[in-house]
Each structure stands twice: as C-alpha cells, then as structure tokens.
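Hi,

Here is the structure I said I would pass on. Have a look at it first, and then read my notes below.

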Amino acid sequence: MNTQPLPELVAQAQQLLTQIRQHPQYQRLNFDCDVTLGDVSQFFNTLQWEAAASTVDVSTERFFQ
C-alpha cells in the first residue's frame with residue numbers, strides 16, 4: 001500500500017493527465033467518450049481540494065487555551 005499523502009498522489013495523477021493530453025498518440029485518437037479528460041481533471045482538482053481541506057486541523061481546543 002502506498003503511504004504517500006493523498007494530495008501528493010493527486011498531484012502526480014494530474015501531471016500524468018497533462019502528459020497524456022499532450023501526447024501525440026493521444027491527440028491522434030478519435031474516439032467518443034462520455035467522460036473527457038477535462039472531467040477527469042476537474043475530479044482531481046476537487047479531490048485534491050477535499051484532501052487538503054481534510055488535513056487541516058480545525059479543532060477549537062487551541063483557540064481556547
């Protein structure tokens with residue numbers, strides 16, 4: 001199991017997605033799909049935001065010490 005933090009994994013996936021989108025072989029493909037790379041990119045953006053937000057300590061204990 002990978003122990004890298006989720007935001008790092010998502011960033012790596014986004015970099016791979018960019019490389020795929022720019023790859024000449026991918027650009028020559030002509031296929032119709034319900035999910036686009038833009039959809040996948042938006043998913044990773046949302047996932048990264050949610051993962052980063054969940055790592056923020058929002059407990060109020062420290063505010064009242």
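What follows is what I found, starting with the ground rules.

This is a predicted model, so to speak of its conventions: residues are numbered from 1 along each chain as its sequence is written, and side-chain values use heavy atoms, with hydrogens and water left out. Local features need pLDDT of at least 70 and side-chain atom pairs count only at pLDDT 80 or more, while totals for chains, interfaces and linings use all residues.

The overall layout first. The chain has 3 helices and 0 strands (DSSP runs numbered from the N terminus: H or I of at least four residues for helices, E of at least two for strands). From the N terminus on, the order is α-α-α. Of the 65 residues, 9% count as buried (buried is under 20% relative accessible area, exposed over 50%, partly exposed in between, with a 1.4 Å probe and protein chains only).

Now to α3. Leu37, Phe44 and Ala51 are its buried residues. Seen down the axis of α3, they fall within an arc of 50 degrees, so they line one face of the helix (the arc is taken from the directions from the helix axis to the C-beta atoms). Trp49 and Ser54 are exposed on the face turned away from that buried side. The cover over the buried residues includes α1 (6–22) and α2 (24–28), where contact means heavy atoms within 4.5 Å.

On to the packing of α1 and α3. Their axes are 9 Å apart and the angle is about 165 degrees (axes are lines fitted to C-alpha atoms, for helices over the stretch in contact, and angles run from 0 to 180 degrees between N-to-C directions). That makes α1 roughly antiparallel to α3, a label for angles over 145 degrees. The crossing is left-handed, meaning that the near helix is turned anticlockwise from the far one by less than a right angle. Among the α1 residues that meet α3 are Val10, Gln14 and Leu17.

Two residues of α1 to click on. Gln14 counts as buried because its relative accessibility is 17%, and it touches Ser41, Phe44, Asn45 and Gln48, leaving out residues up to four places away in sequence. Glu8, also in helix α1, counts as partly exposed at 41%. Glu8 and Ala51 are 43 residues apart in sequence but 9.8 Å apart in space, C-alpha to C-alpha.

Cheers

Notes
Angles under 35 degrees count as roughly parallel, over 145 as roughly antiparallel, 65 to 115 as roughly perpendicular and the rest as oblique.
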